[in-house]
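Have a look at the picture, then read on.

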Amino acid sequence: MQTQRLSIRRGFLAAIGLLAAWPSAIAGPNEPRSLRAASNGLFTIGAGVNDRIPETPNDWPLLIAQFSALTPENCLKPNPVQVAEGSFNFTRPDAFVAFAASRHLQVVGHCLVWAKDDRTPPWFFRDGEGTADRDLLLARMKTHIATVAGRYRSRIAMWDVVNEALDDGKEFLRPSGWSRACGEDFIVKAFEFAHEVDPQALLIYNDYNNELPGKREKQIRLLRSLREKGAPVHAIGLQGHYELDRLPLADLEATLVAMREFGLKVVVSELDIDVIPRSRWWADGGRYREELAKLDPYRDGCPPEILRRQADQYAQLFRLFRKYSDVVARVSFWNLHDGQSWLNDFPWKRVNYPLLFDREGKSKPAFDAVLEALKPEPTASKPTPATGKAH
Ligand code: GLA
C-alpha cells in the first residue's frame, strides 16, 4: 500500500515536473514568461539581432519566445548592400528575411539612407573625379531604395528610411554629402521613393537624442517641413541608447506628447541601458579617453545593486511607454542579450550589461521589472455615489 502510494506520488511529481519543464522548453532558457505576451495590445516588441541569426539556433528559443519583430543589425545598411554602384549583395538579407518569415516574426528594415558620410558607400557622392550633383545623388538613391525596398515589398513591415540626419551641434541637418547637395530634399525624396515602392510599409525617420530639447526642436521642424511637402513619414524612431542614472524621462514624455499632437507614431528603435556610462568619452575634446579605455569595472560580474537600479529604470521607461501606448508603435532592444550588445565594444572594450537577458539568455531583474511595468493599472475603485446632501 505504502509502496503503491509512493509510486503514485512519484508519478504525480514527475507529471508536475514535466509540466513545469514544458513552458521553459518552448519559451526560451528557463523563462516561461514573455515580453511579447506582456506587451500584447500595447505595442510590438522587437530586438535588433546579429545578421547571422539564421545560423545560430542557440539564440532562437529566446528570440522566438520573447519578441515579435527583428531588425538585422547590419546587413541592410547601405554599405553592405550596395558596396559598389549596381553591385547589390542580398545574401544575408535574403536569409534573414526568410528566417523571420518562417518564424512569423516581423522584419524592420534598417536603413535605406544613413545620412552620414562614413556610413554611405563613398561612390554615392562621386562623379568621376568630381562630386555628384543633386540629380545624380537622388537618382542613385532612387535606384537603391527601389531595388532594396522593392525586393522585400510586403515582407519588410517597416523601414528606417533615413537614419541620423539631424545635426548634434548648431546646424539643422548634419553636414554630409547628402545635405550639401540636396538640403533637406534628400529626406523628402527618400520617403517618397520608399512609399512608391512599398505603400504598405510603415516609414520611419530614425535618430538618437531626438527626444532631448535641442534635437527635438529640429525633429519637429523637420516633421513640419516634411508634412508641408507631402512626404509620407509615418513615425519617428527614438534610438533609445540610454545610460544608467541618466534617463531623459521628462524629455521622452514631452516628445511622446508632441508626437501625439502631431499625429505621428513613435518607435523606440534601439533600446538599451549602458551600466558603464560613456558620455565622458566625447566630453572636453576626448581628454578622458585614455582613462576610460581602461575602465572595465564589471568584468567579473555586475553588482546586484547596479542590476537593481537598471531594473528600476527600465520599469520607469516601460511605464511611460505603456501610458503612451496609443503613440508608441514598437519598442525594440538593440541586441538579444548582454553578451551580444554592441556596448561591449563601443566606444571602448568593456564587459557590459545593458539588456534584459544575461549572457546565457537568462532573465535579469530588469526583465521582471519590465513585465511588472507592462501590467495594466488596477482599475481605481469608483467612489460611492453621493446619496444626499452633505451634512
Ligand atoms: C546606431 C545605428 C545602428 C547601430 C547602432 C550601434 O544607433 O542606427 O544601426 O549601428 O548605432 O550598433
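How far is an oxygen atom of the ligand from an N or O atom in the side chain of Q239? The distance is 2.8 Å. Keep in mind as you read that this is a predicted model.

## Who touches the ligand

Now zoom out a bit to the whole shell. Around the ligand you'll find K77, H110, W114, N163, E164, Q239, H241, E270, W334 and W342. Sorted by class, that shell has three nonpolar, four polar and three charged residues. As for the space the ligand takes up, that is the largest pocket.

## Rings meeting rings

Aromatic side chains pair up here too, and the count comes to 17 aromatic pairs. Take F125 and W178 as one of them: their ring centres are 5.6 Å apart and their planes sit at 75 degrees, and since an angle over 60 counts as edge-to-face, that's what this pair is.

This pair also links distant parts of the chain. F125 is in the loop between β5 (106-114) and β6 (126-127), while W178 belongs to helix α7 (residues 177-182), 53 residues apart.

H110, one of the residues around the ligand, is joined to C111 by a cis peptide bond, with omega about 0 degrees. C111 itself lies in strand β5. Another cis peptide bond joins F346 and P347, and there omega is about -5 degrees. You'll find P347 in the loop between β13 (328-334) and α13 (365-374).

What is the phi of D245? It's positive, about 70 degrees, although D245 is not a glycine. Look for D245 in the loop between β11 (241-243) and α10 (249-262).

Methods
Residues numbered from 1 in each chain as written. Predicted model: local features only at pLDDT ≥ 70, side-chain atom pairs only at ≥ 80, totals over all residues. Heavy atoms only, no water. Near = heavy atom within 4 Å. Polar contact = N/O pair within 3.5 Å; in protein donor to acceptor, adjacent residues only side chain to side chain. 1 Å grid on protein atoms, 1.4 Å probe; cavity = no way out; pocket = protein on both sides within 12 Å on 5 of 7 lines; lining within 4 Å. Sits in = over half its atoms within 2 Å of the grid points. Nonpolar A, V, L, I, M, F, W, Y, C, P; charged D, E, K, R; others polar. Phe/Tyr/Trp six-rings, centres within 6.5 Å; stacked < 30°, edge-to-face > 60°. Helix = DSSP H or I, 4+ residues; strand = E, 2+ residues; numbered from the N terminus.
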